[in-house]
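Reader: I am new to reading structures. Please take a close look at the aromatic rings for me. Which rings pair up, and what surrounds them?

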Amino acid sequence: MSIIQQHTSASLSDAWRTINIDALLEDSTQNFDVSTLHPPLPETSESEVRQLAGQVRQLLRGGDAEGALRGCLEFPVYNGEHLAKEAHLQTVIEVLQSIKASEMTPMLQRIYGTQGGSECLDVLMKYLYKGMASASGGSGSAPRTPSRMTPQQTGFSQMGGRAHTATESAGAAMSVLLSWHEKVVEVAGQGCIVRTMTDWRKV
Amino acid sequence: MAAPEVHHLFHHPIADHSFSQDRKTLAIARENNVELYGRVGNAFKLKQELKSHDKLVTSVDIAPNSGRIVSCSQDRNAFVWEPTPEGYQPTLVLLRINRAATFVRWAPSENKFAVGSGDRAIAVCYFEDENNWWVSKHLKKPFRSTVTTVSWHPNSVLLAAGSTDAHARVLSSFIKNVDARPEPGVWGERLPFNTVCGEYLNNSAGWVHSVAFSPSGDALAFAAHDSSITVVYPNGPDQPPKAIVSVNTQLLPFMSLIWNGEAEIIAAGYDCEAFRFKGGPQGWQLAGTLESKGRPGLGDAREESALNMFRQMDLKGKVKDDTQLKTVHQNTINTVRAYETSGDSVTKFSTSGVDGRVVIWHT
């Protein structure tokens, strides 16, 4: 004799499979604030970011590109306002754009070789991906808002977009990010990409 | 270094493998069954299939002294396979979990075992003589997510567990009338069931794939999905640890690790090869691969005749066959286990992976 006593249309269909049972369980991850699993991170305000950006620019003007890069990678904005995060991304991209292609690898190797260097390159990788995600790149100084990243409806609109200078400069920024990405992977390995994906501290 | 011993059993992923103490029997978790292979000369031949699970078997372990096999599966069950003259007899274990069982290991005392599960719990199972069956007690707190791996302390009371909530934890699984009262140690003095002796996570906090106590049991290592290994040196109960050393590597994440003495760790994972780490409380470093690169006999040795070259170009459009990895394993390594030990150090270890190979390496 079958254990199932009654067949109903509900038990025969597989609609029950779509019930989200996690929502019904009291102590499931869905009903639990996952952020409490990690120690809290210090909050960074926009004014602090601007201040840091000023210092970094000063280093850049003084010709110390490596110091500028280190400076902005050692203070990533993990916990802060959207504007603060965007402003710091702009600072990082500005520094990256100002460094010559031939200087990239030696500079990364020097940073990687120092104490905490591996962490710095992980942060750099996070900013590279964030920069690529926001697509608009960083030639302008105004912070970008997500509304600028409207998805293009068809593949053809890309062709139309090419006429715009904004897209061209974005393309240039993207190529800078891509060449940095290549160099960072050469130095810090694929582990760097994996950490960017797994890390709960988002920039 | 002698060449590794490669056994290509089949073209299916191996979820877990375990050798018997005499190393003549090899248990393999393949799909819904546990397969037992016997050593015939230099090869392993399929001897017996243990069929009772009806979903993927996730883990299998042979107790070295009693010869009992325990297996667990995504069907939420575990079986203990008792060796009898008529073959292995399965006994169902009441796990009382409602998600997949992910990982199982015998305690060194062999009178209990721990099953990790997706139910955010570990079932610690022991045999109850009055009722003549295996029962389980749950370690539920403080897991917030699937328990992916467990590892026993040499005293059979402390249990390390790794979870997808990114924490490696050390808990007590003390069961009255089963365990002897443990000696007080660095992890704690009084250890009633479910005492949390330590909770660790590293900076980037990837989910944990593997945990292991050092041979003395006084240090804990874990590998996480952020391509790192972290070693924790505790400093007595209720004290912050003496040292937590984390090594972020340039490699892909490690799936499994074992200790070789107190100053060496062997880890393997998505890079399809095993790596050696060396260090101590002051720091740990990656000391290189255990694979001897440029081994002869992997395609390189094939004679390059002009005819062969043009045939390759015609058939494949290229001269070099680059479909093979340069490593012995051709896919992710899931499990690393000690194969032969002398004292605290491992002289040989075995690995198995998604490529259906079991490889025995010299350290």
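Author: Start with one term. Buried means under 20% relative accessible area, exposed means over 50%, and partly exposed lies in between (1.4 Å probe, protein chains only). By that rule, B:Phe349 and B:Trp361 are both buried.

A word on the source. This is a predicted model, where local features need pLDDT of at least 70, side-chain atom pairs count only at pLDDT 80 or more, and totals for chains, interfaces and linings use all residues. Residues are numbered from 1 along each chain as its sequence is written, chains are lettered from A and ligands numbered from 1 in the order in which they are written, and side-chain values use heavy atoms, with hydrogens and water left out.

Now the pairs. A pair of aromatic rings is described by the distance of the centres and the angle of the planes. Rings of Phe, Tyr and Trp (its six-membered ring) pair if their centres lie within 6.5 Å; planes under 30 degrees apart are stacked, over 60 edge-to-face, and the rest tilted. Over all chains, the structure holds 13 aromatic pairs. Take B:Phe127 and B:Trp134: their ring centres are 5.3 Å apart and their planes stand at 70°, so this pair is edge-to-face. B:Phe127 is partly exposed, at 31% relative accessible area. B:Trp134 is buried, at 2%.

Next, go back to B:Phe349 and B:Trp361. Their pair is stacked, with 6.3 Å from centre to centre and 10° between the planes. It links distant parts of the chain: B:Phe349 is in strand E27 (residues 345–353) of chain B, B:Trp361 is in strand E28 (residues 357–362) of chain B, and the two are 12 residues apart. Strands (E, at least two residues) and helices (H or I, at least four) are DSSP runs, numbered from the N terminus.

Some rings form a group. Ring pairs join B:Trp106, B:Phe113, B:Phe127 and B:Trp134 into a cluster. So the edge-to-face pair of B:Phe127 and B:Trp134 belongs to this cluster.

Rings can also have a charge over them. The rule is that NZ of Lys or CZ of Arg lies within 6 Å of the ring centre and within 35 degrees of the ring normal. B:Arg23 has its charged end over the ring of B:Tyr339, 5.3 Å from the centre. B:Arg30 lies over the face of B:Phe10, at 4.0 Å from the ring centre.
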